[in-house]
Amino acid sequence: MNTTEPYYIIESKRLCIEAGMDPNEVSKPKNLLNEVEFDRKRKSYSEILSVVSFFSNKLLDSLKGTPILVVVSDATGYLLEIEGDETIKSTIEQFGIIRGSQFTQVDTGTNVISLALQQKHPISIIGDQHFHNFLHTIACYGTAFHYTDENNLLGSVCIMMPIQFQNTLFLTMLTQAVDSIERELLLIKQNKKLNIMNQIMLSRTRNGIVITDEKGITTEFNSFAQKISNNSRDSVVGRNIRESPLTGVYFKEVLDQEKIFNNEEIQFIDDAGNLTVCLFDAQPIYEEDKMIGAFGQFRDISDRYLLQEKYNYLAYHDDLTNLPNRRFIKKEIEAIIKELHEGHNRSLALLYIDLDRFKTINDNFSHSYGDELLIEVSKRLSGCLGEKDILARMGGDEFIFLLTDFVDIDYATKKAEEIIQLFHQPFHVGRKELHTTASIGVAFYPDYPISMENLMVYADNAMYQAKAQGKNCYVVHNAELLNEMMDEYMLEVDLRKALENKEFVLYYQPQIHNNTGVLVGLEALIRWQHPTLGLIPPGNFIKLAEENGLITQIGEWVIDEACSQNKKWQDAGMMPVKISVNLSTQQFLTRNLISFMEEVLERTAIDPAYVVVEITEYMAMEYDYSIQVLEQLKTLGIGISIDDFGTGYSSLNYLKNFPIDYIKIDRSFVSELMNNEKDAIIVKAIITLAHNLHKEVIAEGVETKDQLDFLKNHQCDISQGYFFSKPLPADKIEKIYLKQR
């Protein structure tokens with residue numbers, strides 16, 4: 001056996017030997033299609049055969065005068081076409097090489113058709129490369145052909161000739177012909193798909209399709225176009241599209257000027273009276289750079305249009321309160337500022353409103369209560385809108401009034417005062433009565449140009465200053481305020497490090513019994529020993545601590561330090577006194593307050609009888625929660641005092657049911673005792689009421705003998721203030737008061 005033969009020839013001959021074939025005997029195909037089967041097979045291959053025949057005929061024409069035969073098979077080896085030299089054709093027929101016969105390796109041994117279908121490349125079998133001797137006088141070249149996009153095997157194309165005419169050029173020519181066949185078959189397949197897709201597009205698309213010829217005569221008008229336009233296909237096809245009242249003006253420019261339109265919005269009312277909104281595209285159709293017509297399509301966007309209208313509303317409105325939102329108000333401010341920059345005579349002011357203690361309400365009464373409260377607040381605020389005012393919700397518990405074109409500059413401040421008054425009455429949410437106030441920052445657009453962002457910052461800074469001044473008020477922005485805000489920001493940065501650096505200290509202010517003059521208690525008051533600014537009073541940093549969330553940690557430090565100090569004094573044999581500590585709102589509403597107090601009492605071993613916690617009236621406004629916490633504190637043996645009585649949301653229900661030991665009269669009433677008859681009446685009423693309810697009364701801010709005498713004369717129990725002593729550090733309290741036992 002020739003060892004230089006290609007591997008596929010060697011393998012094929014090996015299989016022939018294993019099958020027991022005799023090279024001297026003719027091996028004919030064993031399977032032959034009958035006439036009906038053959039016609040059916042050719043019919044299924046008709047499109048493929050037409051392409052193959054076209055190119056095989058071109059191959060034969062190019063080799064005219066050369067005795068060759070072109071044989072075409074399907075993918076299983078059935079011969080479908082035999083073209084070429086009649087002499088060769090008649091010769092091979094005696095070997096069974098006829099149309100409808102199947103060539104396989106098993107039946108016919110080494111043959112060009114089977115090997116061409118098996119190999120992924122063109123092959124040649126020349127002379128004695130055939131296993132059977134009767135084929136040694138023939139040279140064969142063959143290659144398979146496919147759908148190249150999916151690599152699907154379709155069949156083979158082979159050429160045969162007498163061996164004396166063999167030439168490797170034939171294999172190259174065959175390969176080129178098959179390449180052309182495959183490209184044409186793929187193109188036909190793609191065109192067929194395209195035609196199918198075009199039909200589907202025209203019949204199933206949700207777009208209305210219109211096609212015209214170069215003169216503007218409508219040639220295609222699909223079903224959706226009929227639906228959109230309320231015109232039948234028959235009434236449109238054949239007519240000039242220029243006559244269309246809906247799209248004629250567009251198509252005229254497409255056909256006459258070759259103009260292209262994209263996303264043109266077209267609106268009309270259909271027969272049912274509904275608004276139909278479409279986006280319309282139109283463009284010329286070209287064939288080899290020549291315009292042969294026009295194409296147009298409608299896309300019905302009615303639902304999207306209406307939805308977009310809704311989205312546009314939602315984009316500029318708050319979905320909870322239905323008020324304009326931050327995006328809307330910024331857009332309005334920018335428009336007005338632009339007019340101001342252009343020289344228009346307009347006035348502009350912002351009122352930035354933030355609800356006080358809203359987070360406490362939201363956290364403890366649930367977010368649903370918070371949302372309902374915001375809705376009620378928005379309704380109340382809307383009630384005081386002026387004709388040219390706009391109210392918006394900025395997010396969270398922040399609102400803004402945009403005031404424009406007012407004549408009197410006092411309009412803005414009067415509006416701020418009016419808003420403050422709105423919060424004097426409680427809000428009813430569900431079955432609860434919720435109280436909140438508002439801090440308001442007022443910013444006027446100045447005489448010089450500034451940006452919208454700066455104006456918003458001015459109003460925001462003024463609002464925070466209002467909070468720093470005690471809330472429930474308004475502040476008008478000015479240049480000094482901006483500097484103060486920067487100082488406050490730097491102070492906040494330092495505050496976050498103060499606990500870690502142990503910079504806080506406690507001062508103690510004596511509480512003196514009015515009848516005996518004996519020290520009966522101390523109020524623990526925090527101070528901040530700042531490393532560079534010195535001793536800072538609580539009024540300068542407590543609000544910051546409340547805003548940045550540090551107040552609970554600071555409050556816990558105060559309780560721990562006060563209890564530890566009092567226990568040290570007692571262990572040193574000094575006079576035992578009660579020490580009162582102030583609870584912040586956040587601390588009082590913290591769910592672990594009771595467990596924390598238990599832990600402090602156990603760790604410091606202080607007798608709870610010498611510990612008093614002070615709460616404000618505001619903290620007690622959530623009745624069910626407050627009475628539960630206060631009763632638990634009372635069970636621990638801790639004393640309870642209501643601080644700043646008379647300045648908050650006073651309720652006789654608190655005094656009647658809460659386990660309160662002391663009522664502290666706010667210093668604002670005490671300071672005007674001798675000058676304001678109404679304050680004197682209020683103080684006397686508080687004392688009488690407290691005593692009738694069996695509670696002791698402590699007066700804060702006592703600074704003169706006349707004030708003290710008044711309080712004594714009306715049986716006030718305890719006094720605290722500068723008349724006796726300012727708050728003192730622990731060592732001075734020891735020296736002046738506790739060691740004198």
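This is a predicted model: local features need pLDDT of at least 70, side-chain atom pairs count only at pLDDT 80 or more; totals for chains, interfaces and linings use all residues.
User: Where is Lys58 in the fold?

Analyst: Lys58 sits in helix 3, which covers residues 46–62. Between the C-alpha atoms of Lys58 and Ala177 there are 8.6 Å in space, although 119 residues separate them in sequence.

User: How do I read a salt bridge?

Analyst: Side chains of opposite charge can pair when their charged atoms come close. The cut-off is a side-chain nitrogen of Lys or Arg within 4 Å of a carboxyl oxygen of Asp or Glu. By this rule the model has 30 salt bridges.

User: Which residue does Arg14 pair with, and where do the two lie?

Analyst: Arg14 pairs with Glu18, with their closest N and O atoms 2.2 Å apart. Both belong to helix 1 (residues 7–18) and are four residues apart, about one turn of the helix. In general, an α-helix has 3.6 residues a turn, so residues three or four places apart point the same way. Arg14 is partly exposed at 35%, while Glu18 is exposed at 55%.

User: Which parts of the chain does the salt bridge of Lys467 and Asp354 tie together?

Analyst: The side chains of Lys467 and Asp354 meet at 2.8 Å, N to O. Lys467 is in helix 16 (residues 452–468) and Asp354 is in strand 11 (residues 348–355), so the pair ties together parts 113 residues apart in sequence. Lys467 counts as buried at 7% relative accessibility, and Asp354 counts as buried at 8%.

User: Which residues of helix 26 are buried, and how are they arranged?

Analyst: In helix 26 (residues 705–713), the buried residues are Gln707, Leu708, Phe710 and Leu711. Seen down the helix axis they fall within an arc of 160°, so they line one face of helix 26. The face turned away from that buried side carries the exposed residues Lys705 and Asn713.

User: Which residues form a positive surface patch?

Analyst: Lys726, Lys732, Lys735 and Lys739 form a positive surface patch. Of these, Lys726 is in the loop between strand 26 (718–719) and strand 27 (728–729). Lys726 counts as partly exposed, at 48% relative accessibility.

Terms used:
Residues are numbered from 1 along each chain as its sequence is written. Side-chain values use heavy atoms; hydrogens and water are left out. Patches are made of residues with over 30% relative accessible area and no salt bridge: like charges are joined within 9 Å, nonpolar side chains (Val, Leu, Ile, Met, Phe, Trp, Tyr) within 5 Å. Accessible areas come from the Shrake-Rupley method with a 1.4 Å probe; for residues, only the protein chains shown count as cover. Lys and Arg count as positive and Asp and Glu as negative; His and the chain ends are not counted. The place of a charge is taken as NZ of Lys, CZ of Arg, CG of Asp or CD of Glu. Buried means under 20% relative accessible area, exposed over 50%, partly exposed in between (1.4 Å probe, protein chains only). The arc is that of the directions from the helix axis to the C-beta atoms.
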